[in-house]
Structures are given as C-alpha cells and as structure tokens.
Amino acid sequence: MQALLANLLIGMGGFHWITYVAERFGQVPFPLALIMLFAFSLVSVPQLYLFFTGVYYISPRLPQNIWLKVFFYAAFYASCEFIVLPVKLFPESLGNIFVHWPSLAQNAAWGGVSILTFLPCFLGAALYFFIPEKKPQIHAGKTVLAAVILFLCAHVWGSWEMQQLKQLKGEKISISIVQANIGDLEKLVSEAGSIEAIHQVMRKYKGLSNSAPKSDLLLWPETAFPVAFPSKADTTATEIGIDEAGALKQMAIQKNSSILFGGYERIQNTDFNSALLVGSDGKFQDSYKKVILLAFGEYMPLGNFFPWLKTLNPQMGDFGRGPGAFPILWQDKDKQRKIGVSICYEAIRHSYMHDLKKNGADFFVNLTNDSWFGNTFEPWQHLELASIRSIENRTPMVRSTNTGISTFIDIFGHIYSTGPLFESAVIHGDLEYFPKLESFYTRWGEVFAYAM
C-alpha cells in the first residue's frame, strides 16, 4: 500500500503532461486521458514495489545491528532503482534532485547517479531509527551523525573537485543554436508532405541561421529538416528534399559554418530519425541514426510480429534503429572532432551516454523537440535529467530544442546561455571541452551500483 500511494503521488504530480500529450496528439477525450495518467501512475516508480516488498520479507531476518540496517536500506533502494532504470519509459532517479546542489552532484563523476540516490536514502534510514514511536534504538544517534558526515565529505570532495577542474584549459568552439519554435500543427503538416508547409519551416530555420553570429557550428533541433535528406547514394529523397538540401548546403558555404541538424533518412524503404552533419564546405559529412526509439511514438511495441497493431494509430512513426552509441565525425577545416549526438530522451539514459563518451565523444549534442508536451514540467525535467550525464562523464553538452529549453551545459552540470521557452531565438555561446578528460565513472561505469 505504501508503494502504491507513493507511485500515485509521484506519477500524478511528476508526469501530469501525459494527459496533455494523450489529449492533444492522441485525440483522446480528457476523462480517458486522465485515466491513462492514473494507470501509468500505478507503475511510474516500480522500484518502490521492489523496495517495500524486499524490506517486508528481508528486514525481519536482518541481524539486530542498526549500522547494518541503515546501510541495507540505502543500498537496497539504490539497487532497486538501478535495476528498473533500463525498463522505465522516463528513467528518472531520486539522485537527480542534486542538480540543484552542485557540490554534491559532482559525486556522480565517480559513482553515477546511484551514489546520489544512496546519500539521501542513508540519511533517511538513519532518521527512521532515530525518531521511532517510543525511543531511539541503540547507536541511532551515531548513524545520523555518520550520515551527516557522509554528506559533508561528499560536499567537500565535490567542491574540491570543481576547483581542481576549473584550472584546466580545454578547447573551445563557438556554437549558435537555432530555436525556431515551430508549432505542433505546422510541424505535423510539414512532415505529412505539404510543400508550402515544408518551405515555410525551412524559411524560418534559414532566416534565423542567417541572422546568427559567426560560429563554428550551427545547430538545428530534432526533425528540423522535415523531409528525407539525400545523405548517401543508397538513400532516397523527394524533389523538394533535394532542393532544400541544396539550399542548406549553400547556406553552410556562405556562413562558412558547419550545420548539424535533425532530419530524416530513408534507406532501403526504412525511415530513420537522424542527426545529419554538413561541413562548412557544403559537403555532407556524417549522420547519426536514433537508437532508443519512443514506444507508441516512433514505433509500436510488438508491431513487427503483429503488423495490424500499427494501424491503431496512423500518426505514429515506424522508424528503424541506428547501429549504436557511436559519435559522428566532424571535419572542421583542419580539425577533426567526434560529436556524441543523442536525440530526444536518449540524453537521459545513463548507460547510453556513458557508451557515447566511451566510444570517443569529445562533447555531447542533444537534439530534441519537446513541443509535444506543451507548457508543463517536462521540458525542465528533460533538461535536468540530461545535465547529470555531463557530470558523470565530465563532458559538456549543447541542447538544441524546437521550442526550448535550448542551452549549454558544462562539465559541472551548470546550465548557461539558456534560450526562452516557446519563442523563436538564436542562442550563441562558446563550448569548452576536454578531449583527454575521463571521469572515474566513464572509465569504470556502474561500479558503485553493482557494489550496492
């Protein structure tokens, strides 16, 4: 019952935007959308079911040692959370709250988000035994003191780590993020193939790009190029796609800037949600194909086995999956860099972003379109969850989003040069990255979580 109530509170409060998406894009009546939110909320935090069930059966069998009990509760919850993260639709963690306490958040660089979850759980368990109904258990005060000392140590180490890293000198590139604020209906019409709508979308992106300051890299968000882009010999594109691709390449030459943009690739009759890179010489260089697709948005679960399921929602995509978390190569004049691209909510998947860095990414770029969620918590949740990935891997990130929040994130998780929500804008800034910097977490992965 405790797990059920907690799920309902967290789900109904934290994921209220489900009703907006279901009602606006699924054409679901509001009462039914509310029922869908309620149903999701029943399982929104599955680790709580594991935790409370495990505590019910295991706790009575633990030795009567308060130190062991406090450690067990903290380690067990961190373990339950880590186990369910890969299967969660929106993989948030308790530890993500520390994005607002930078010194504590730095500990993710060695223990991942699991260490950030462990800290408040350890304090909570210590307080549980210190403030019982009758009288505190023996040594309960010592466990509370130990928890406080643990927090202080985490704070001191995080502060020291930031001071040490601030002395490093990295490489800098200038980036202009183009946030066109294309409306949902306008986007849907352009993607459905209306020629005038496609031209209108492209005019807006090109106009904003031409007004951008001189930059090494221009960034457009997810699916900004609304038709198939002729990237390679085995890809197909319509006449309008070929024409707009030519105009984009010509703009890259005129601006003397590379352009990384979200778009589509059609390879052997399979569509991919891609990020495509055109160099400052106007030549196509490389592309990244999205790997972690959004269920019921970009593919229908079990749709390959039961094709009739795909007919239930004609607006739903049917995309192919990319080969994996591999950076794209960017040849900028005489300098070659590796860009770790993620599309949409791939940026909040800890294991995926770890693999991008492990495979050589110099910096992260996240291309996103959060317009589907309206003026809700979701754009802020998406941003804050992504910022932890930069701390874990000591790798900065640039987020280019259609309606916001477009921004820069440094290796400490600090968010700067942020654009407005639901407004057209060009956000310009310098990104400092450190090609040879590797965190403990990047090198060894989820050592802390497995230890728990």
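**Sheet order, helix packing and burial in a predicted model**

An open sheet of six strands runs in the order β6-β7-β8-β9-β10-β11, with mixed pairing. The model is predicted.

Me: Why are β6 and β11 said to stand at the edges of the sheet?

Reply: β6 (328–332) and β11 (415–416) each have a single partner strand, so one side of each is left without a neighbour in the sheet.

Me: What lies in the turns of the two hairpins, β6 with β7 and β9 with β10?

Reply: In the β6 and β7 hairpin, two residues lie between the strands, and Lys-333 in the turn has a positive phi of about 60 degrees. In the β9 and β10 hairpin, five residues lie between the strands, and Gly-404 in the turn has a positive phi of about 105 degrees.

Me: Why is β9 described as largely enclosed by the rest of the structure?

Reply: A residue is buried when its relative accessible area is under 20%. Five of the five residues of strand β9 (residues 397–401) are buried, so the strand is largely enclosed. Both faces are covered: Met-397, Arg-399 and Thr-401 are buried on one side, and Val-398 and Ser-400 on the other.

Me: What makes up the β-α-β unit that includes β9, and what is its handedness?

Reply: The unit consists of β8, helix α13 (residues 378–393) and β9, and it is right-handed. α13 lies across β8, β9, β10 and β11.

Me: How does the chain pass from β7 to β8?

Reply: The chain crosses from β7 through α12 to β8, and this β-α-β crossover is right-handed. In helix α12 (residues 350–358), the buried residues include His-350, Tyr-352, Met-353 and Leu-356. Just after α12, Gly-360 takes a positive phi of about 110 degrees.

Me: Why are α10 and α11 called roughly parallel?

Reply: The axes of helix α10 (residues 195–210) and helix α11 (residues 239–255) cross at roughly 5 degrees and come within 12 Å. Angles under 35 degrees count as roughly parallel, and the two helices are therefore roughly parallel to each other. The contact is made by Ile-195, Ile-198, His-199, Met-202, Lys-206, Ser-209 and Asn-210 of α10 with Ile-240, Glu-244, Ala-247, Met-251 and Lys-255 of α11. By class, this contact has six nonpolar, three polar and three charged residues.

Me: Why does Pro-91 count as buried?

Reply: The limit for burial is under 20% relative accessible area. Pro-91 has 6% relative accessibility and therefore counts as buried. Pro-91 is found in the loop between α5 (66–84) and α6 (102–105). Leaving aside neighbours within four places in sequence, Pro-91 is in contact with Leu-85, Ile-348 and Arg-349.

Me: What makes Leu-421 partly exposed rather than buried?

Reply: Partly exposed residues fall between the 20% limit for burial and the 50% limit for exposure. Leu-421 has 21% relative accessibility, so Leu-421 counts as partly exposed. Leu-421 is found in the loop between β11 and β12 (425–433). Not counting residues up to four places away in sequence, Leu-421 touches Pro-379, Trp-380, Thr-403, Gly-404 and Ile-405.

Definitions and conventions: Residues numbered from 1 in each chain as written. Predicted model: local features only at pLDDT ≥ 70, side-chain atom pairs only at ≥ 80, totals over all residues. Heavy atoms only, no water. Buried < 20%, exposed > 50% of the residue type's maximum accessible area, 1.4 Å probe, protein only. Helix = DSSP H or I, 4+ residues; strand = E, 2+ residues; numbered from the N terminus. Right-handed = clockwise from strand over helix to strand, strands pointing away. Pairing = 2+ DSSP bridges. Axes fitted to C-alpha atoms, helices over the stretch in contact; angles between N-to-C directions. Parallel < 35°, antiparallel > 145°, perpendicular 65-115°, else oblique. Contact = heavy atoms within 4.5 Å. Nonpolar A, V, L, I, M, F, W, Y, C, P; charged D, E, K, R; others polar.
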